[in-house]
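Please read them with the structure open.

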Amino acid sequence: MSKPRFPWWSYARSMAYRYPDLCAKEKALRDTTITPSYGGTPGGGRGRTDKTADAALRELPEVNRRELEAVRQALKYISTQKHADERLRVINLYYWRKTNTLYGAAMKVGFHEQTVKEWNREFIKKIAENFGLL
């Protein structure tokens, strides 16, 4: 029989899966082009032309920004725990690279499957706490 999950569980888990994509979107918003435009018309006269300031002011939508920050805080917490390197490797293999199950990731880092499942539970709960779901 399957173990019932809390309603917030799948949402917090999806935040962990989307973290690399949100980081890439945030980075893309901050990037600026330094190549001048070579068109025949001048670029001035259409409002603001300070590309650096424009890049600094661009932000992700509020929900995405909060999700990104919740996962970052959870990762910061995990990095202070015992066996932090192994925990982060499991997160990388399972959520971001998607190359292993929790069992496979446990075998790669050399820990028992139940230990890795406990680490995963702790990570997901920390994301939910940081986002305000708990």
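1. Of the contacts in the chain with a separation of 6 or more, 66% are between residues 24 or more positions apart; contact means heavy atoms within 4.5 Å. The model is predicted: local features need pLDDT of at least 70, side-chain atom pairs count only at pLDDT 80 or more, and totals for chains, interfaces and linings use all residues. Residues are numbered from 1 along each chain as its sequence is written, and side-chain values use heavy atoms, with hydrogens and water left out.

2. The chain has six helices and zero strands, in the order α-α-α-α-α-α along the sequence. Helices (H or I, at least four residues) and strands (E, at least two) are DSSP runs, numbered from the N terminus. Of the 134 residues in the chain, 30% are buried. Buried stands for under 20% relative accessible area, exposed for over 50%, and partly exposed for values in between (1.4 Å probe, protein chains only).

3. Aromatic pairs are counted for rings of Phe, Tyr and Trp (its six-membered ring) with centres within 6.5 Å; planes under 30 degrees apart are stacked, over 60 edge-to-face, and the rest tilted. The count by this rule is nine aromatic pairs. The pair of Trp8 and Trp9 is tilted, because the ring centres are 5.8 Å apart and the planes stand at 50°. Both Trp8 and Trp9 are buried.

4. A further tilted pair is formed by Tyr17 and Tyr94, at 6.2 Å centre to centre and 45° between the planes. Tyr17 belongs to helix H1 (residues 7-30) and Tyr94 to helix H4 (residues 84-96), so this pair ties together parts 77 residues apart in sequence. Tyr17 is partly exposed at 26% relative accessible area, whereas Tyr94, at 15%, counts as buried. Tyr17 and Tyr94 also belong to one aromatic cluster with Tyr95 and Phe123.

5. Which residues line the largest cavity? The lining consists of Ile78, Arg87, Val90, Ile91, Tyr94, Tyr95, Trp119, Asn120 and Phe123. H4 and helix H6 (113-131) are the elements that give two or more residues to this lining, and H4 gives the most, with five. By class the lining has seven nonpolar, one polar and one charged residues; Ala, Val, Leu, Ile, Met, Phe, Trp, Tyr, Cys and Pro count as nonpolar, Asp, Glu, Lys and Arg as charged, and the others, Gly among them, as polar.

6. The structure has one cavity of 30 Å³ or more, and the largest cavity holds about 60 Å³ of space. On a 1 Å grid over the protein atoms alone, a cavity is a set of points where a 1.4 Å probe fits but cannot get out, and lining residues have an atom within 4 Å of a point. Grid points are joined across faces, edges and corners, and the volume is the space filled by probe spheres set on the points.

7. Two charges sit over rings, meaning that NZ of Lys or CZ of Arg is within 6 Å of the ring centre and within 35 degrees of the ring normal. The charged end of Arg66 is placed over the ring of Phe131, 4.2 Å from its centre. For Lys126 the ring is that of Tyr77, with the charged end 4.3 Å from the centre.

8. Most residues other than glycine have a negative phi. His83 has a positive phi, near 60°; this residue is in the loop between helix H3 (62-78) and H4 and is partly exposed, at 33% relative accessible area. Lys98, also not a glycine, has a positive phi of about 60°. Lys98 is in the loop between H4 and helix H5 (102-109) and is exposed, with a relative accessible area of 56%.

Terms used. On a 1 Å grid over the protein atoms alone, a cavity is a set of points where a 1.4 Å probe fits but cannot get out, and a pocket is an open set with protein on both sides within 12 Å along at least five of seven lines; lining residues have an atom within 4 Å of a point.
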